[in-house]
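Take a look at the model below.

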Amino acid sequence: MKNIFLIGFMGSGKSTIGRLLAEKLNMKFIDIDKEIEKKEGKSIKDIFKEKGESYFRELERKEIELFSEKSGYVVSTGGGLGANKDNMEKMKKNGIVIWLDVSLEEVLKRCGNDKNRPLLQLPFEELKKLYEERKKIYSLADIHINVNSKTPQEILKEIYENL
Ligand code: S3P
């Protein structure tokens, strides 16, 4: 198996599902946000604050680049990583891309109060625009799973059926 990349908006469950999926498929699990935090020695929130968003996006791009030489990983990505066309192309070349599609209402219900996610601090209209824009790129994924009101087990089952 090459790699499996999980993409989708903040709060779509990429890390939770990714970990479970890796266990089931006997693959290695990696969370790109955690990798970046480890390498930079600071939180995503502080990277955004101190170095800016474009610096963070470059770190994400480099992490995805590394997967051209790796296989057997389930990769959980940050919400913006899979919304970039170049990243999408690279991921599709190096594995299967699965979009966990969550409604904006559900995102706000799950993590609307999370102060550690810089982009969730945007005014609602801007967040909605970002959400709609990102969906256009997310939809280029190989597999599309609607995750609203489903349990992790139901989501996993749907993923197996589509792999
Ligand atoms: C981001 C999502 C976050 C994290 C960063 C930026 C985004 O990851 O990478 O705060 O641009 O949507 P999650 O999707 O895991 O929240």
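Helices here are DSSP runs of H or I with at least four residues, numbered from the N terminus. Axes are lines fitted to C-alpha atoms over the stretch in contact, with angles from 0 to 180 degrees between N-to-C directions. The model is predicted: local features need pLDDT of at least 70, side-chain atom pairs count only at pLDDT 80 or more, and totals for chains, interfaces and linings use all residues. Residues are numbered from 1 along each chain as its sequence is written, and side-chain values use heavy atoms, without hydrogens and water.

Start with helix α3 (residues 44-51) and helix α4 (residues 53-66). Their axes come within 7 Å and cross at roughly 125 degrees. That makes α3 oblique to α4, a class left over once angles under 35 degrees (roughly parallel), over 145 (roughly antiparallel) and 65 to 115 (roughly perpendicular) are taken out. In α3, the contact residues are I44, I47, F48 and K51; in α4, they are E53, Y55, F56 and R57. Contact means heavy atoms within 4.5 Å. This α3–α4 contact has five nonpolar residues, no polar ones and three charged ones.

Now turn to the ligand. Around it are 13 residues, of which K14, R57, G79, R117 and R134 come nearest. The cut-off is a heavy atom within 4 Å. The side chain of R57 has an N or O atom 2.7 Å from a ligand oxygen. For D33, the corresponding distance is 2.8 Å. R134 places a polar side-chain atom 2.7 Å from an oxygen atom of the ligand. Taken alone, the ligand exposes 380 Å², and the protein buries 94% of that. These areas use the Shrake-Rupley method with a 1.4 Å probe.

How values were computed. Helix = DSSP H or I, 4+ residues; strand = E, 2+ residues; numbered from the N terminus. Nonpolar A, V, L, I, M, F, W, Y, C, P; charged D, E, K, R; others polar. Polar contact = N/O pair within 3.5 Å; in protein donor to acceptor, adjacent residues only side chain to side chain.
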